[in-house]
Amino acid sequence: MTQDNWRPETLALHAGWRADPSTGAVAPPIYQTTSYQFESTEHASNLFALKELGNIYTRIGNPTTAILESRMAAIEGGVGALAVASGQSASAFSLQNLARAGDNVVSSTDLYGGTWNLFANTLKDQGIEVRFADPADPQSFARLTDARTRAYYAETLPNPKLRVFPIAEVAAIGRPLGIPLIMDNTAAPLICRPLDHGAAIVVYSATKYIGGHGTSIGGLIIDGGNFDWEAHAERQPMLNTPDPSYHGAVWSQAVKPMGPIAYLIRARVILLRDLGAAMSPFNAFQFLQGLETLSLRMPRHCENTLKVADWLKGRKEVTRVIHPSTLQGQDKVWADKYLKGGQGGLLGFELAGGREAGRRFIDALKLFYHVANIGDARSLAIHPASTTHSQLGPEEQLATGVTDGYVRLSVGLEHIDDILADLDQALAAAG
Ligand code: PLP
């Protein structure tokens with residue numbers, strides 16, 4: 001068996017690195033360097049002209065970060081990856097790499113709040129319009145598409161609604177039109193591989209499950225290498241017309257001999273070069289540490305979360321449990337189709353006592369941390385109505401699924417009895 005057919009569990013430990021050729025070190029070293037000595041002026045010019053790929057400056061690439069990039073590309077079944085400073089910069093770059101002022105993108109409405117702000121406000125200020133489509137109706141993506149639509153965007157398992165996105169259905173609408181589907185797979189590593197279902201690009205907040213330790217912020221963009229940018233030259237001008245900021249390079253042609261990496265190379269040598277949101281080598285090392293145990297952590301997150309969901313269904317204080325296992329109809333079909341080996345580590349529930357009960361519940365927690373993060377090895381909780389979603393009116397509550405009594409849990413790896421005991425005493429305190 002070779003690396004070509006290793007399974008994701010094996011790739012998470014081995015892809016992209018074996019042992020240091022000069023020292024024999026098995027663990028990937030942290031190359032804490034800004035710069036790299038060129039072998040000659042010819043070597044330097046080849047690197048700058050992209051005649052060969054290699055290290056120039058850590059803002060654009062670093063050997064420790066490169067191991068993380070190869071490992072994540074291998075796990076997702078892509079041809080390459082780009083590590084960046086945060087999940088936010090991964091989402092922003094993934095679109096800015098295709099869309100400029102005057103262009104538009106169609107995105108699912110079901111998004112992480114930070115991504116929503118980026119799309120609805122910051123990208124809009126930059127002249128990129130994000131149009132929001134209902135993920136329950138894949139054809140809504142087609143209806144919002146016009147000649148300036150450059151990409152579709154969605155999250156595999158978006159919270160708080162936890163409705164699984166119809167990846168193949170929407171990817172199939174975009175492909176003949178030359179529109180790639182970009183999937184944020186932050187909440188579903190290993191349990192879903194969006195590229196297998198027709199997505200072209202995958203983005204991650206590595207901050208969450210990839211790390212798992214809650215020590216480092218980072219993001220990743222993975223290129224499926226499965227999208228024919230050249231065949232859709234009119235639709236994708238940024239990859240098919242001369243780029244004045246890189247000696248007139250046409251990206252779909254410039255790096256052809258190196259494989260189908262036009263999208264990825266542009267993101268690295270233009271966006272990372274100019275905007276500078278590089279991941280530090282130390283953080284790349286931290287994410288490599290996290291990846292080593294991801295295949296053990298994800299099943300445990302999924303198992304504990306399902307047990308919590310089932311337990312909450314029997315509680316009188318709880319009016320509704322939001323978890324993929326409670327989906328019905330078409331939503332259930334998509335959850336069964338796209339999530340394999342578990343339904344993720346997130347769940348929501350609604351307290352009968354509304355906003356005040358939500359506050360009392362959170363304040364009574366002893367084991368769960370009260371934080372805005374998800375995907376940590378520890379159990380985490382938040383009451384959006386008093387924090388991230390405190391300004392919502394009734395209509396926005398309906399649109400986001402965040403009501404006054406809604407509580408979000410990111411269930412950790414602790415013993416299930418300890419998790420349930422903490423929830424039990426907090427529910428009693430919430431009343
Ligand atoms: N995407 C999702 C689904 C997230 O949950 C988050 C953060 O919570 C992000 C993107 C942004 O990631 P980061 O916090 O690493 O910038």
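**Close-up views of the ligand site and the domain interface**

**View 1. Ligand and Ser-205.** In this predicted model, an N or O atom in the side chain of Ser-205 is 2.8 Å from an oxygen atom of the ligand. The protein covers 91% of the 390 Å² of accessible area that the ligand has on its own (Shrake-Rupley method, 1.4 Å probe; for residues, only the protein chains shown count as cover).

**View 2. Other residues around the ligand.** The ligand is surrounded by 13 residues (a heavy atom within 4 Å of the ligand), and the closest are Gln-88, Asp-184, Ser-205, Thr-207 and Lys-208. Asp-184 places a polar side-chain atom 2.7 Å from a nitrogen atom of the ligand. For Thr-207, a polar side-chain atom lies 2.6 Å from an oxygen atom of the ligand.

**View 3. Domain 1 against domain 2.** Domain 1 spans 3-282 and domain 2 spans 296-430, with bounds from an automatic or database domain assignment. Their centres, taken over C-alpha atoms, are 30 Å apart. In contact (heavy atoms within 4.5 Å) are 29 residues of domain 1 and 37 residues of domain 2. The two domains bury about 2,600 Å² between them, 62% of it on carbon and sulfur atoms; buried area is the accessible area (1.4 Å probe) that two parts lose on being put together, summed over both. Of the area that domain 1 buries against domain 2, Leu-162, Ile-191 and Tyr-209 supply 29%, more than any other three residues.

**View 4. Salt bridge between the domains.** The count between domain 1 and domain 2 is one salt bridge (a side-chain nitrogen of Lys or Arg within 4 Å of a carboxyl oxygen of Asp or Glu). The side chains of Glu-169 and Lys-337 form a salt bridge with an N to O distance of 2.7 Å.

**Notes.** Residues are numbered from 1 along each chain as its sequence is written, and side-chain values use heavy atoms, with hydrogens and water left out. Local features need pLDDT of at least 70, side-chain atom pairs count only at pLDDT 80 or more, and totals for chains, interfaces and linings use all residues.

Notes
A polar contact is a pair of N or O atoms within 3.5 Å; within protein, one must be able to donate a hydrogen and the other to accept it, and residues adjacent in sequence count only if both atoms are side-chain atoms.
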